[in-house]
Amino acid sequence: MTNDRVKRLCALLREKELDAVFISNESNVRYLSGYTNHDAFLFIAANGDRRLITDFRYDEQARSECPDYQVMSFVKGKSGIFQLLDQSCAENGVKKLGFEAAAISHASYLLLTDTVKGVAVEDCGPLVEGLRYVKDDREEALIRYACAATDRVFSKLCEYIRPGLTEKQLEWQLLTFVNEEGCDSSFQPIVVAGEHGSLPHGMAGERKLRNGEFLTMDFGCMYQGYHADMTRTVFLGRPDPKQKDVYSIVLEAHLRGMDAFRPGVPGCVPDAAARDYITEKGYGENFGHGVGHGLGLDIHEDPFMGRLCQRVLEEGCFVTMEPGIYLPGWGGVRIEDTVKITRGGCESLFTSEKGLICL
Ligand SMILES: [Mn+2]
């Protein structure tokens with residue numbers, strides 16, 4: 001299952017004139033080996049030699065999940081990882097070793113350079129992230145499953161929401177619905193109501209839901225490591241003209257952003273499509289975050305789509321579109337879909353209603 005991925009990585013290593021690479025980013029470990037737990041590291045040589053370094057706690061699981069890897073377990077101390085790495089380098093005649101500077105602590109880096117001697121180490125950058133940018137069929141199936149489960153959670157939530165519940169109670173119920181789908185939560189859900197909704201990443205609190213206010217829920221199911229990400233803002237009761245107006249501006253911005261998705265355009269293009277409309281309507285100052293992000297094994301991954309994003313979208317990227325308007329003291333509205341970039345544009349992976357739902 002991971003053989004193709006490793007082959008592509010080896011080609012990149014040869015291109016970069018690296019003899020081997022040390023992988024410490026957990027999602028990259030999973031992508032390249034199929035290992036689904038924590039505290040494992042990969043050594044992959046350009047010649048194809050691949051090893052998984054872990055300890056006794058994970059040894060059995062690693063052997064069963066990663067039949068194509070030589071599993072090595074260390075017994076004592078953190079330097080044990082690097083002693084096995086040193087041994088792996090020596091056995092493969094490695095002179096130049098890549099490592100992931102973004103996925104290692106400074107203390108571990110010092111231990112690495114102290115333990116693996118006589119080998120030049122070099123930050124390989126987001127090498128594996130580059131391989132993960134376009135999803136394969138297997139990954140697509142898992143993301144689609146996670147998104148379908150997320151849709152079901154949203155419709156259950158719509159049945160459940162009522163004035164008097166606290167944000168926190170709603171969050172607990174949301175997590176239960178996610179678990180009932182056989183999924184884990186993609187991240188700690190954002191459940192914010194009323195004026196609290198002006199916090200884009202506010203945390204659910206003891207505030208009770210009341211009639212006459214918006215309720216924003218940003219959440220998603222994670223299935224076999226793959227994430228979905230949805231935001232819906234619903235209304236309790238009947239909205240006043242300003243509430244209707246702000247909602248319709250965000251919805252139109254969201255749709256314009258979706259229309260701008262296509263292979264070959266840099267991430268700043270869909271960002272501008274949504275942002276320019278919000279700015280035109282006078283709320284530019286109230287939309288201060290990027291318009292969306294890639295997702296897969298991580299909830300946030302390339303491309304990070306903001307004003308300056310030059311990363312070009314490709315067919316088979318999975319990304320979000322999530323503009324919002326946040327007005328301190330008043331509240332906020334955000335609408336987010338997870339989509340697949342297709343040859344002709346994009347396909348939303350959700351069927352949940354985006355028009356204003358009044359409960
Ligand atoms: Mn998101």
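Visitor: How many residues of domain 1 are in contact with residues of domain 2?

Guide: Six residues of domain 1 are in contact with six residues of domain 2, a contact being two residues whose C-beta atoms, placed from the backbone, lie within 7 Å. This is a predicted model, in which local features need pLDDT of at least 70, side-chain atom pairs count only at pLDDT 80 or more, and totals for chains, interfaces and linings use all residues. Residues are numbered from 1 along each chain as its sequence is written. Domain 1 covers 3–132 and domain 2 covers 137–348, with bounds taken from an automatic or database domain assignment. Their C-alpha centres lie 35 Å apart.

Visitor: Which helix gives the most to the side of domain 1 that touches domain 2?

Guide: Helix H2 gives the most, with three residues. Helices (H or I, at least four residues) and strands (E, at least two) are DSSP runs, numbered from the N terminus. That side of domain 1 has one nonpolar, two polar and three charged residues; Ala, Val, Leu, Ile, Met, Phe, Trp, Tyr, Cys and Pro count as nonpolar, Asp, Glu, Lys and Arg as charged, and the others, Gly among them, as polar.

Visitor: How is the packing of two helices described?

Guide: Two packed helices are described by the angle between their axes and the distance between the axes. Here H7 (residues 137–160) and H8 (residues 167–180) pack at about 140°, with axes 10 Å apart. Axes are lines fitted to C-alpha atoms, for helices over the stretch in contact, and angles run from 0 to 180 degrees between N-to-C directions.

Visitor: Which residues of H7 and H8 meet?

Guide: Val153, Lys156, Leu157 and Tyr160 in H7 meet Gln173, Leu174, Phe177 and Val178 in H8. Six of the residues in this contact are nonpolar, one is polar and one is charged.

Visitor: How do the strands of a sheet pair?

Guide: Strands pair through backbone hydrogen bonds, either parallel or antiparallel. In this model an open sheet of three strands has the order S8-S9-S12, with antiparallel pairing; two strands pair if DSSP finds at least two bridges between them. S8 (190–193) and S12 (230–236) stand at the edges with a single partner strand each, so one side of each has no neighbour in the sheet. Seven bridges join S9 (residues 213–219) to S12, and Thr216 stands opposite Thr233 in S12.

Visitor: Where does H8 lie relative to the strands?

Guide: H8 lies across S8 and S9, and runs at about 150° to S8.
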